[in-house]
Amino acid sequence: MQKFIVAIILGILFLFFVGTAIRAWRARAAKQEADFNQPPMALATPGQQLVKVRSFYVATTYANNHLERIRAYGLGIRGLAHAMVFEGGLQLIRKGERPLAISKSTITGISTSQVTIDRVTEAKGILTIDWIQDATQFSTHLRVVDLDDRAKLISALETIREAK
């Protein structure tokens, strides 16, 4: 009988902590949604497609703090993505989440690194696209495993960035 009571108490505590974590996630997302508008889901004028690669969407963070994940508008969920570079910008089609479009005029930087929030890879394994919206600077982090695809994606992004 005593084991049963302990199990019930532990179950209630577990549910309490899970509920608290969910409420904290949602509260953080709501605060971020108040700070900036939803990023576009499609490019206004895409132009010709330059490259399409399979990638892993790691996260979008604030550019000045790569340890603070953006939770608003579904940007906090990792997953598979197709990264497509058009003459007009970058289009990310994320599996099970809203697409993300980053116009070439908003891209402020492209870099590679080994680490970002909750992800460590080989040297230069994380591709970071810095961009700005509503005076807020963001960094979107992608992981492209295939080295040839990564090189093609970086080259295409640098091409459209230089053409602004």
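These legends walk through several views of one predicted model, from the whole chain to single residues.

**View 1. The whole chain.**
Let's start with the overall picture. The chain holds 2 helices and 10 strands. Reading from the N terminus, the order of elements is α-β-β-β-β-β-β-β-β-β-β-α. Of the 164 residues, 39% count as buried. How do contacts link up the sequence? Among contacts between residues at least 6 apart in sequence, 63% join residues at least 24 apart.

A nonpolar surface patch of about 1,200 Å² is made by Met1, Phe4, Ile5, Val6, Ile8, Ile9, Leu10, Ile12, Leu13, Phe16 and Phe17. Take Ile5 as an example: this residue lies in helix 1. Is Ile5 buried or partly exposed? Its relative accessibility is 44%, so Ile5 counts as partly exposed.

**View 2. Two salt bridges.**
How many salt bridges does a search of the whole structure find? There are 2. In one of them, the side chains of Glu68 and Arg28 meet, with 2.6 Å from N to O. This pair links distant parts of the chain, since Glu68 sits in strand 2 (residues 65-69) and Arg28 in helix 1 (residues 2-35), 40 residues apart. Arg28 has a relative accessible area of 30%, so this residue is partly exposed.

The side chains of Asp35 and Lys31 also meet in a salt bridge, at 3.3 Å from N to O. Why are these two separated by about one helical turn? Because Asp35 and Lys31 are 4 residues apart in helix 1. Asp35 is partly exposed, with a relative accessible area of 41%, and Lys31 is partly exposed too, at 46%.

**View 3. The largest nonpolar core.**
Now we move to the inside. In soluble globular proteins, nonpolar side chains tend to be buried together. In this model, the largest nonpolar core has 29 residues, and Val85, Leu90, Ile129, Leu153 and Leu157 touch the most other members. Elements that give two or more residues to this core include strand 1 (49-62), strand 3 (79-86), strand 4 (89-94), strand 9 (126-133) and helix 2 (147-162). Which element gives the most? That is helix 2, with 5 residues.

Leaving aside neighbours within four places in sequence, Val85 is in contact with Gln48, Gln49, Leu50, Val51, Leu90, Leu153, Ala156, Leu157 and Ile160.

**View 4. A cluster of aromatic rings.**
Five residues, Phe36, Tyr62, Tyr73, Trp131 and Phe138, form one aromatic cluster. Across the whole structure, a search finds 5 aromatic pairs. One of them joins Tyr62 and Phe138 in a stacked arrangement, 6.0 Å centre to centre with 20° between the planes. Tyr62 lies in strand 1 and Phe138 in strand 10, so the pair ties together parts that are 76 residues apart in sequence. Both Tyr62 and Phe138 are buried.

Phe138 also pairs with Trp131. Is that pair stacked or tilted? The ring centres of Trp131 and Phe138 are 4.9 Å apart and the planes meet at 35°, so the pair is tilted. Trp131 and Phe138 are both buried.

Thr136 belongs to strand 10 (residues 136-143). Its relative accessible area is 16%, so Thr136 is buried. Which residues does Thr136 contact, leaving aside neighbours within four places in sequence? They are Phe36, Tyr62 and Trp131, each of them a member of the aromatic cluster.

**View 5. Val115 and its contacts.**
Our last stop is Val115, in strand 7 (residues 115-116). Not counting residues up to four places away in sequence, Val115 touches Val120 and Ile126. Val115 and Leu127 are 12 residues apart in sequence, and their C-alpha atoms are 9.8 Å apart in space.

Terms used: Residues are numbered from 1 along each chain as its sequence is written. This is a predicted model: local features need pLDDT of at least 70, side-chain atom pairs count only at pLDDT 80 or more; totals for chains, interfaces and linings use all residues. Side-chain values use heavy atoms; hydrogens and water are left out. Buried means under 20% relative accessible area, exposed over 50%, partly exposed in between (1.4 Å probe, protein chains only). Contact means heavy atoms within 4.5 Å. A salt bridge is a side-chain nitrogen of Lys or Arg within 4 Å of a carboxyl oxygen of Asp or Glu. Patches are made of residues with over 30% relative accessible area and no salt bridge: like charges are joined within 9 Å, nonpolar side chains (Val, Leu, Ile, Met, Phe, Trp, Tyr) within 5 Å. Accessible areas come from the Shrake-Rupley method with a 1.4 Å probe; for residues, only the protein chains shown count as cover. A nonpolar core is a set of buried Ala, Val, Leu, Ile, Met, Phe, Trp, Tyr and Cys residues joined through side-chain atoms within 4.5 Å. Rings of Phe, Tyr and Trp (its six-membered ring) pair if their centres lie within 6.5 Å; planes under 30 degrees apart count as stacked, over 60 as edge-to-face and the rest as tilted.
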